[in-house]
Amino acid sequence: MPATRQPYGVGLAYRPEVHHDIMQFRQEFDVMEVATVDYLERYWRLVQDPDTRYLRELIATFAVVAHGINMSIGSVEPHDDAYLHATRRFLDEYGIDEFSEHLAFHRIDGCDTRSFIAMPFEAESLNWLERKYNAARAILGRPFALENVSYLFVPAGCSLDEADFITEMTRRTDCSILLDATNVFNNAHNHGYDPITYIRKLPGDRINQLHIAGGKFVNGIWLDSHSATVMEPVWDLVHAALDHTNAQSIFLERDTGYHPFEQGIMSDIRKARDIFFKHRPATPPTAAATTPAPTAADEAPSRAINALDPAVANLRSFQRAIMRQITDVNFRQQVAADSNLVLKDYPMTPDWKSRWEGCNQDRLKRMAIKWPETIKVQKDLEEDLKRVEWRAWAAQNSW
Ligand SMILES: [Fe+2]
């Protein structure tokens, strides 16, 4: 059941909860972005679309791309190859060519914050990301897009700025960029830079998709909550992004407050389509800059990566120390009292130690406060999964 149509226009980051609403307004959507987690994690698949009926209807109706959230490409540890192979199978089975993930890390040493953490904008990070990207690409069998994320903190005094960091990533690999305009807005406000200048510095010819979403303003900072209509200033960034880039599609992300559907989601979709078709022709140009389809050359064997390589030792220590601060309150208090204690478990050169010290401690603490809730949600899901599977088993075996 291949998805043959070229992704072009405006659509939604698909959630099965609003399948029927989407179908009711199908004439006003051009494209859909499926979250692979909805089909690769047993819990989500069982509770939302167990026989993939919705997915198959979606693919028969729209051009579809896929979006992942679990890769943690920046983590200085091996890839979860099972996740990558499952993603590959999913893309192949449903004939979806375009895939995207996030340019960030959120998992290391068995802990997963489920919130994205920025990579330090340094050459050592680029060296590691290049290897991780190529290793993932070999398993996925295609180039894929990386998305700029909203981040609460980033090390102070990095040698590159974020736009140069992303540009260098596109120079070293064949990745494309999924530009999240709301994340640009959030970061520009939270970290004090000009969003338009940032967008214009990016390699426009490598940007093939845009995200937009509405967020929450809490204690002076914008959070990427996907919970509201798109903020007014984000629309200016969409104009700027369409002017500067090759973006062929825009996806609205919304994770809560779906209804009333027409007043909320459809209002943003209509606005996005108005803007998109002011900047783009009604039909896609034949040589649209979408991710190329996989070729035989993409079937290279998985390239080995070594997380213990001394060349990435600083980045590894940095990430492990950050994760420990988020997940271990005693460690956080100890290193707050004497920052040199960090070097005992996580050796770093003096410049990397000062980058670690330069992370905004108040914002890091926000993530730490959320950590017990993150664990609880995961445990609740596991308990829920047992109940869902039991019900499915009982339904199959009832007489
Ligand atoms: Fe996004």
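Analyst: **A buried charge and a metal site**

Glu 98 is buried (under 20% relative accessible area; exposed is over 50%, partly exposed in between, with a 1.4 Å probe and protein chains only), yet Glu 98 has no salt bridge. A salt bridge needs a side-chain nitrogen of Lys or Arg within 4 Å of a carboxyl oxygen of Asp or Glu. The nearest side chain of opposite charge belongs to Arg 142, 10.0 Å away (Lys and Arg count as positive, Asp and Glu as negative; His and chain ends aren't counted).

Keep in mind that this is a predicted model: local features need pLDDT of at least 70 and side-chain atom pairs 80 or more, while totals for chains, interfaces and linings use all residues. Residues are numbered from 1 along each chain as its sequence is written, and side-chain values use heavy atoms, leaving out hydrogens and water.

So who does Glu 98 talk to? Its side chain makes a polar contact with the side chain of Gln 209, at 2.9 Å. That term covers N or O atoms within 3.5 Å; within protein, one must be able to donate a hydrogen and the other to accept it, and sequence neighbours count only if both atoms are side-chain atoms. Helices (H or I, at least four residues) and strands (E, at least two) are DSSP runs, numbered from the N terminus.

Now for the iron ion. Glu 147 (OE), Asp 180 (OD), His 211 (ND1) and Glu 253 (OE) coordinate the iron ion at 2.0 to 2.3 Å. Donors are N, O and S atoms within 2.8 Å of the metal (3.2 Å for Na, K and Ca), and sites may look incomplete without water. In sequence, the iron donors are spaced as E-x32-D-x30-H-x41-E.

Ser 72 isn't a glycine, but has a positive phi of about 50 degrees. Look for Ser 72 in the loop between strand 3 (63-67) and helix 5; Ser 72 is buried, at 2% relative accessible area.
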